[in-house]
2 protein chains.
Amino acid sequence: MVDVAKRAAVSVKTVSRVVNGEEGVRPDTKARVDEAIRQLGFRRNDSASDLRRGRAEGIGLIVENMSDPFYSVIGAAVERVARLQRHLLLMGSAEGSAERERDLTGAFLSRRVAGLIVVPAIEDHHWLAAELAAGTPVVFVDRPASGLSADAVLTDNDAGVRSAVEHLAARGHRNIGFLGDNPEFWTAGQRLAAFGSATAALGLRSDLTAMGPHEVEGIAALVETWTRDSDPVTALVTGNNRLSVTALRALRRVGKRLALVGFDDFELADMVEPAVTVVAQDPAAMGEQAAHLLFRRLAGEGGPARTVVLPTRLVVRDSSHLV
Amino acid sequence: MVDVAKRAAVSVKTVSRVVNGEEGVRPDTKARVDEAIRQLGFRRNDSASDLRRGRAEGIGLIVENMSDPFYSVIGAAVERVARLQRHLLLMGSAEGSAERERDLTGAFLSRRVAGLIVVPAIEDHHWLAAELAAGTPVVFVDRPASGLSADAVLTDNDAGVRSAVEHLAARGHRNIGFLGDNPEFWTAGQRLAAFGSATAALGLRSDLTAMGPHEVEGIAALVETWTRDSDPVTALVTGNNRLSVTALRALRRVGKRLALVGFDDFELADMVEPAVTVVAQDPAAMGEQAAHLLFRRLAGEGGPARTVVLPTRLVVRDSSHLV
DNA sequence: TTGTAGGCGTTATCAT
DNA sequence: ATGATAACGCCTACAA
């Protein structure tokens with residue numbers, strides 16, 4: 001900047017004003033500065049700017065796995081909003097590890113990012129409270145933070161699962177099996193509980209649940225067991241899209257055509273055989289809302305922590321019509 | 001850091017040494033400093049560190065679309081390598097726009113990132129040469145940079161397309177249609193050229209190509225035309241995974257069961273009907289290799305620009321066996 | 001083993 | 001409308 005200032009025969013402060021588009025620079029002065037910038041190929045050093053201002057114009061995003069479509073769509077949405085606000089996106093995968101999540105958080109905070117958007121792993125987050133109080137806003141996505149009151153964007157897991165159960169019940173299914181993830185994951189626990197209450201409310205069996213099996217073999221065995229009964233399971237609800245796909249493979253493997261409703265839509269759900277009915281979430285909206293919440297806080301909005309709960313949508317496809 | 005120094009009754013330099021794990025600090029001194037750090041909740045300001053060192057410990061990644069599985073897998077691989085090297089990942093979507101690509105590049109360079117990994121949009125990159133010369137390494141992925149000699153990681157498009165054509169020819173197909181993207185995209189052009197040479201080498205027709213149609217309608221109409229002939233097309237090769245899926249939908253729409261081989265594998269390719277034979281690329285390997293190339297340059301490796309060409313793999317599924 | 005001085009490039013403050 | 005000067009927090013070089 002000094003070089004530019006010299007060449008344009010002005011002070012560095014004037015150069016700074018031009019670079020930042022501030023008011024109060026005569027057009028001809030600005031022109032001289034711009035020309036000097038062009039000639040020297042000058043580019044502002046944002047590290048210095050960040051240091052002086054105390055904050056970096058970037059937001060940190062921590063997801064479980066960047067290559068999972070659910071998270072990459074969230075990431076893309078966050079990045080789009082961030083760009084409109086002239087912020088960069090720093091992104092990392094915690095891979096379900098609380099330690100990595102803390103490391104990433106620490107790295108982002110060291111870089112003095114303007115804010116953080118986090119899909120939290122299983123763990124307590126009270127240690128983040130100090131940072132929050134120190135003025136770095138944090139928004140949680142998909143699952144709320146435990147031990148901490150912070151903004152969050154969630155999906156209406158309860159209504160989503162209920163819509164799946166009611167849909168199947170309306171088609172005459174009485175014994176519905178639920179395949180979920182490890183209930184230590186907040187969403188898995190929520191969906192399991194929702195399955196319990198939805199089935200109970202309709203007078204259906206609530207005990208046909210299995211949390212954990214991820215492999216085709218395990219699920220295939222389970223399906224065999226559930227369908228050997230004199231009063232067999234005739235429909236499945238799966239707790240996330242990976243389980244939907246695995247269940248589909250398992251059903252093919254054992255040659256059973258049970259009805260199936262999956263939580264979370266997935267690419268080509270309409271092209272597989274059978275096309276899978278799903279309870280669709282809207283990950284792009286989740287990312288967008290989270291980023292909006294964050295930038296609102298950055299704009300100085302106060303008040304208590306907000307929680308945005310997004311609705312789900314039942315997308316009926318062929319797998320509803322089996323059995 | 002001054003606060004920590006005061007509390008531990010040492011100089012800031014000693015604190016700096018402890019924070020950076022440098023040699024030559026007595027254990028008891030280190031213990032005192034660590035305790036002060038803990039008490040004060042101190043966290044190093046990386047903006048200041050970056051400024052002083054002249055480089056940020058982060059790498060910038062520019063892709064076309066963060067939510068596309070191909071790119072998100074590349075991103076995840078880059079991030080993994082970056083983390084091992086204690087670097088953060090800054091990521092953005094250029095969305096096929098040369099202007100956005102330049103903006104993002106500029107933003108990353110302003111932040112003085114250690115290096116750049118770019119999936120280039122259609123355009124000349126000689127303007128980047130100055131930065132390259134100034135010491136910021138750049139690695140291109142999926143397509144090479146034009147007007148600039150830089151490291152690149154590519155897929156062997158020629159061998160990939162050839163393997164598809166030879167596979168179909170071996171199954172007796174003589175009239176193979178090729179559906180590609182706009183040949184302004186480097187990969188699309190490469191694959192089209194490869195199709196031309198592979199068919200010519202086998203004495204097959206090379207003129208059954210269509211570059212551009214992306215919609216089910218357009219492709220359906222094309223298939224109708226190609227199959228109305230007295231000497232009809234019996235097999236298709238598609239130039240990327242979106243086209244594979246669209247072609248699949250189009251074939252269903254018009255009720256034709258042509259053989260199909262797609263370039264690039266996709267999730268559930270084995271579960272759709274018919275399961276689609278593909279020429280698989282390895283995006284995770286591409287991202288990983290690109291990051292390795294970058295860090296090798298950062299470690300001071302000199303020499304001319306390297307180009308790494310990764311092989312493809314033909315994955316045979318049901319769609320090979322039609323007609 | 002530990003400390004002092006100076007400067008990285010920018011922006012805020014206060015002058016002019 | 002423009003400029004001089006002092007931070008921002010850290011690290012390099014050198015000194016003790």
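A residue is taken to be near a molecule or strand if one of its heavy atoms lies within 4 Å of it. The model examined here is predicted; local features need pLDDT of at least 70, side-chain atom pairs count only at pLDDT 80 or more, and totals for chains, interfaces and linings use all residues. Residues are numbered from 1 along each chain as its sequence is written, chains are lettered from A and ligands numbered from 1 in the order in which they are written, and side-chain values use heavy atoms, with hydrogens and water left out.

Of the atoms of DNA strand D within 4 Å of the protein, 60% belong to sugar or phosphate. The rest belong to bases.

Phosphate oxygens of DNA strand D lie 2.3 Å from a polar side-chain atom of Thr29(A), 3.2 Å from a polar backbone atom of Met1(B) and 3.5 Å from a polar side-chain atom of Arg53(B). H4(B) gives the largest share, five residues. Helices (H or I, at least four residues) and strands (E, at least two) are DSSP runs, numbered from the N terminus.

At the start of H4(B), a side-chain oxygen of Asn45(B) comes within 2.8 Å of the backbone nitrogen of Ser47(B). Gly54(B) follows the helix, with a positive phi near 90 degrees.

Chains A and B are in contact (heavy atoms within 4.5 Å). Each contributes 45 residues. Together they bury about 4300 Å², 54% of it on carbon and sulfur atoms. Arg43(A), Arg111(A) and Met271(A) supply 18% of the area that chain A buries against chain B, more than any other three residues. Buried area is the accessible area (1.4 Å probe) that two parts lose on being put together, summed over both.

Notes
Polar contact = N/O pair within 3.5 Å; in protein donor to acceptor, adjacent residues only side chain to side chain.
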